[in-house]
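Keep the sequence and the 3D view open while you go through them.

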Amino acid sequence: MIMGTKSLTTLFISSLILSLSSAQTCNDYTFTSNKVFTTCNSLPYLSSFLHWTYHASNSTVDIAYRHTNVDTSTWVAWALNIDNTKMLGSQSLVAYHNSSTSVTAHTSAITTYSPDLSESSLSFNVPSISAEYVGNVMVIYATLELPSGQTVFNQVWQSGPVSSGKLGEHPLTGDNMASYGTVDFVNGQSTGSSGGGALKRRKNVHGILNAVSWGTLMPLGAMIARYLKVFKSADPAWFYLHVACQSSAYIVGVAGWATGLKLGSDSAGVTHSTHRNIGITLFVLGTLQVFALLLRPKKDHKIRIYWNVYHWTVGYLTIILSIVNIFEGIDILNPGKNWKRAYISIIIFLGFNAAMLEAYTWYLVIKRKKTGSDKYSNGANGVNGYGNGTRSQQAV
């Protein structure tokens with residue numbers, strides 16, 4: 001059952017890559033209205049895409065702004081900003097579910113840092129605007145009469161909460177604060193802030209490294225240590241498998257931690273304090289475990305029992321915090337439901353195997369105790385740290 005985790009881990013990584021690839025693909029999207037646009041750009045934040053067709057003859061552009069992973073209590077907006085780079089001065093197209101749960105769209109000029117996004121005219125004409133909501137995707141359709149024939153603009157896109165038909169303030173952290181850039185309707189290019197797609201790719205690498213190391217290999221290594229040694233033939237192989245698995249998890253995890261520090265330094269003003277603090281704690285705990293392995297007392301040393309308690313406590317605390325922080329990271333990255341579902345599948349699979357192996361371990365302990373065959377030398381070479389003793393003492 002444990003060995004099957006390797007294939008599931010491979011499936012998990014493949015799902016992450018597939019999810020990332022699909023999230024960055026926009027040209028093959030089919031609109032329910034069968035509308036076709038000549039150009040499409042993946043925006044680097046908030047799982048959004050901009051489709052458009054530019055008409056040089058009359059300086060108009062037909063656009064479709066597509067925002068994925070949206071529920072019915074979220075508003076979305078896309079805007080051109082003629083004079084500034086960010087929110088203030090944005091000429092916005094807004095879509096949301098109103099109090100009667102119908103999808104509605106209107107224009108709204110942003111003139112303050114605390115806008116209510118109420119309907120208002122823009123500095124340029126918008127002959128048509130509409131919206132649709134299909135499968136957790138909100139799409140805003142509009143035709144814009146570009147001012148003075150200009151074709152290169154600053155763009156802003158955003159999302160926030162809706163309560164009883166009222167539009168609330170968008171989050172002031174994370175990707176919501178980085179969702180701005182430029183768009184060139186003629187050359188078919190758009191950019192985002194802070195390096196755009198390159199930064200997002202680094203975030204995805206950070207997430208995958210940590211999900212595989214702290215979130216998958218680490219609990220797998222703990223299962224190997226706890227359950228494989230119940231089989232006499234597995235000694236001392238279980239110990240070396242445990243060390244190899246945990247060492248690999250630590251090395252890959254440190255790489256993921258380092259990419260997180262770099263991302264933090266590149267995202268001035270954007271902090272994820274809970275995720276960051278748990279990550280630092282995990283690095284400290286993982287490092288302590290490495291030193292604990294190097295300073296492990298001999299099996300017959302009087303303080304070995306205290307070392308065992310310390311090793312067990314720190315190890316399981318690391319695993320619990322790792323899983324919590326993986327979900328924190330997924331919520332921050334917001335890559336789509338497939339990522340979270342894939343990791344939940346990993347946790348369920350590991351948990352099921354742990355439960356089955358725990359029951360089988362206790363079955364063997366009780367059976368050997370009844371038959372008097374529970375005394376044997378498990379780890380005569382001393383690698384497991386228990387030495388001679390009853391199986392019931394060693395298994396749990």
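The questions and answers below concern this predicted model.

Q: Is arginine 226 buried or exposed?
A: Arginine 226 belongs to helix α2, residues 197-227. Its relative accessibility is 18%. The cut-off for a buried residue is under 20%. Arginine 226 therefore counts as buried.

Q: What kind of pair do the rings of tryptophan 312 and tyrosine 316 form?
A: The model has 11 aromatic pairs. Tryptophan 312 and tyrosine 316 both lie in helix α5, 4 residues apart, about one turn of the helix. Their ring centres are 4.7 Å apart. Their planes are at 45°, so the pair is tilted.

Q: Which ring has the charged end of lysine 35 over it?
A: Look at the aromatic cluster formed by Tyr29, Phe31, Phe37 and Tyr141. The charged end of lysine 35 sits 4.3 Å from the centre of one ring. That ring belongs to tyrosine 141.

Q: Which residues make the nonpolar surface patch of about 430 Å²?
A: Start from phenylalanine 291, found in helix α4, residues 273-294. Phenylalanine 291 is partly exposed, at 47% relative accessibility. A patch residue needs over 30% relative accessible area, so phenylalanine 291 passes that cut-off. The patch is made by Val290, Phe291, Leu294 and Leu295.

Q: Where is the proline of the cis peptide bond between aspartate 235 and proline 236?
A: Most peptide bonds are trans. The bond joining aspartate 235 and proline 236 is cis, with omega about 5°. Proline 236 is found in the loop between α2 and α3.

Q: What is the relative accessible area of leucine 117, a residue with phi near 60°?
A: Most residues other than glycine have a negative phi. Leucine 117 has a positive value. Its place is in the loop between β6 and β7. Leucine 117 is buried, with a relative accessible area of 8%.

Q: Which loop holds asparagine 69, with its positive phi?
A: Asparagine 69 is not a glycine, yet its phi is about 55°. At 35% relative accessibility, asparagine 69 counts as partly exposed. Asparagine 69 is found in the loop between β3 and β4.

Q: How far apart in space are serine 100 and glycine 165?
A: Serine 100 is found in the loop between β5 and β6. Serine 100 is partly exposed, at 48% relative accessibility. In sequence, serine 100 and glycine 165 are 65 residues apart. In space, C-alpha to C-alpha, the distance is 7.8 Å.

Key
Residues are numbered from 1 along each chain as its sequence is written. This is a predicted model: local features need pLDDT of at least 70, side-chain atom pairs count only at pLDDT 80 or more; totals for chains, interfaces and linings use all residues. Side-chain values use heavy atoms; hydrogens and water are left out. Patches are made of residues with over 30% relative accessible area and no salt bridge: like charges are joined within 9 Å, nonpolar side chains (Val, Leu, Ile, Met, Phe, Trp, Tyr) within 5 Å. Accessible areas come from the Shrake-Rupley method with a 1.4 Å probe; for residues, only the protein chains shown count as cover. A salt bridge is a side-chain nitrogen of Lys or Arg within 4 Å of a carboxyl oxygen of Asp or Glu. Helices (H or I, at least four residues) and strands (E, at least two) are DSSP runs, numbered from the N terminus. Buried means under 20% relative accessible area, exposed over 50%, partly exposed in between (1.4 Å probe, protein chains only). Rings of Phe, Tyr and Trp (its six-membered ring) pair if their centres lie within 6.5 Å; planes under 30 degrees apart count as stacked, over 60 as edge-to-face and the rest as tilted. A charge sits over a ring if NZ of Lys or CZ of Arg is within 6 Å of the ring centre and within 35 degrees of the ring normal.
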